[in-house]
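Thanks for coming. I'll go through a few spots in one model, and you can follow along on the screen.

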Amino acid sequence: MMKAVRLKDDIYWVGGIDWNIRNFHGYLTQRGSTYNAYLIIDEKITLIDTVKYYLKNEMLERISDVINPSKIDYVVSNHVEMDHSGCLPDIIERAKNPKIFTSPNGEKGLKLHYKKDWDFNVVKSGDRINTGKRDLEIVLTPMVHWPDNMVVYSSEDKILFSNDAFGQHIAASERFDSEYHYDIIIEEAKKYYANIALPYSNQVKKALEGVSGFDIEMIAPSHGIIWKERTKEIIKKYQEWSSNETGNVALIVYDTMWESTEKIALAIYKGFQNKGVRVKLISLRNSHISDIMADMLTAKYICIGSPTLNMNLLPTVAGFLSYFKGLAPKNRIGLAFGSYGWAPKNIEYIEEALISCEFEILESIKVQYIPDDAFLMNLTEKIEKII
Ligand code: FEO
């Protein structure tokens, strides 16, 4: 039988481990993931969230390690997305119509997903769900990551059940930050923020304000490792990331057709290097867009290069720009570059993406067909001057 993991007295992790997932709506999850459900044993037995549908049996075994799932009285649904609500129908059937506590948008979303009129109890920020010894306080956190998101705080246990916020895609048998490699947790938390929360940074700030009055000893997110020893550090990281704080770092992201755009990329690289800026050269042919976004989260200069292809961009660059515009980082400095044959449409499309993110734009670099050595040398010097 799969075991439940105790967080504190009468509080257990009863989630599922998705060892093999490698693509999460376009996000490369090279370390797998977990879907974290939590069980509170109190006068009212309470389940917080569920797991993805195919890990139902794993979750049920973990719940059964503590209590018969039919005894669940309350289900708190923090988020409609199906990685967390996927097993609600089964739990609701087994527990014979328990009360479901969810946000106003949660009720709407769950009805649209499952077409059922369950025993919905709509909650808003400041409401408390009494489970006996505990009052679970609600903070609605809309758009972190969907309109329905909310978090729950137990003052009795000093645990924040934070749903998507503070999560990371890591499959591991370890549950707590004290047991796992801290640098990997932070790397994955950063990648998670960049690919999930970045477009909603203002809402993340509001959510941080909403929970700032709580005395938090533990953060129990809905993915990955539970924060126990480093809660203050991850909250500080979220404050930095949601404020668009960047380091003196440049990213040069490109693809190339006949190596002209790559030559330009290298000349730009040397300019940053000579100026003492930490710089990373990233070929879109060999890197995943979700890893690039993780680097972008803390980079100040974003240089994007493509040649023109059929009056457009190379497909790798076009795909990246579509993803990038959706995640919409802010407060950065952008540069478009690339070679072209007879129509510099490449620059137009790249600049359009950079402008849509409200970047400050440096003068673009375009070359017809092939840059010569003198041009490349001048370009390096120019970059040194303008940054
Ligand atoms: Fe992990 Fe937005 O769901």
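A residue counts as buried when its relative accessible area is under 20%. Keep that cut-off in mind, and keep in mind that this is a predicted model.

Start with Asn346, which sits in helix α11, residues 345–356. Is Asn346 buried or exposed? Its relative accessible area is 0%, so Asn346 is buried. The side chain of Asn346 comes to 3.0 Å from the backbone oxygen of Ser339. Setting aside residues up to four places away in sequence, Asn346 touches Ser306, Pro307, Thr308 and Leu313, along with Gly338, Ser339 and Tyr340.

Next, a loop. Ser125 lies between β11, 119–122, and β12, 128–130. At 42% relative accessibility, Ser125 is partly exposed. Its side chain reaches the backbone nitrogen of Leu140 at 2.8 Å. Beyond its neighbours within four places in sequence, Ser125 has contacts with Ile138, Val139 and Leu140. As for Met2, its C-alpha atom is 35 Å from that of Ser125, and the two residues are 123 apart along the chain.

Last, a helix pair. Helix α9, residues 289–296, and helix α10, residues 315–327, have axes that come within 10 Å and cross at roughly 45°. The two helices are therefore oblique to each other, and the crossing is right-handed. Which residues meet there? From α9, Ile289, Ser290, Ile292, Met293 and Met296; from α10, Phe320, Tyr323, Phe324 and Leu327. By type, the residues of this contact are 8 nonpolar, 1 polar and no charged.

That's what I have.

Terms used:
Residues numbered from 1 in each chain as written. Predicted model: local features only at pLDDT ≥ 70, side-chain atom pairs only at ≥ 80, totals over all residues. Heavy atoms only, no water. Helix = DSSP H or I, 4+ residues; strand = E, 2+ residues; numbered from the N terminus. Buried < 20%, exposed > 50% of the residue type's maximum accessible area, 1.4 Å probe, protein only. Polar contact = N/O pair within 3.5 Å; in protein donor to acceptor, adjacent residues only side chain to side chain. Contact = heavy atoms within 4.5 Å. Axes fitted to C-alpha atoms, helices over the stretch in contact; angles between N-to-C directions. Parallel < 35°, antiparallel > 145°, perpendicular 65-115°, else oblique. Left-handed = near helix turned anticlockwise from the far one by under 90°. Nonpolar A, V, L, I, M, F, W, Y, C, P; charged D, E, K, R; others polar.
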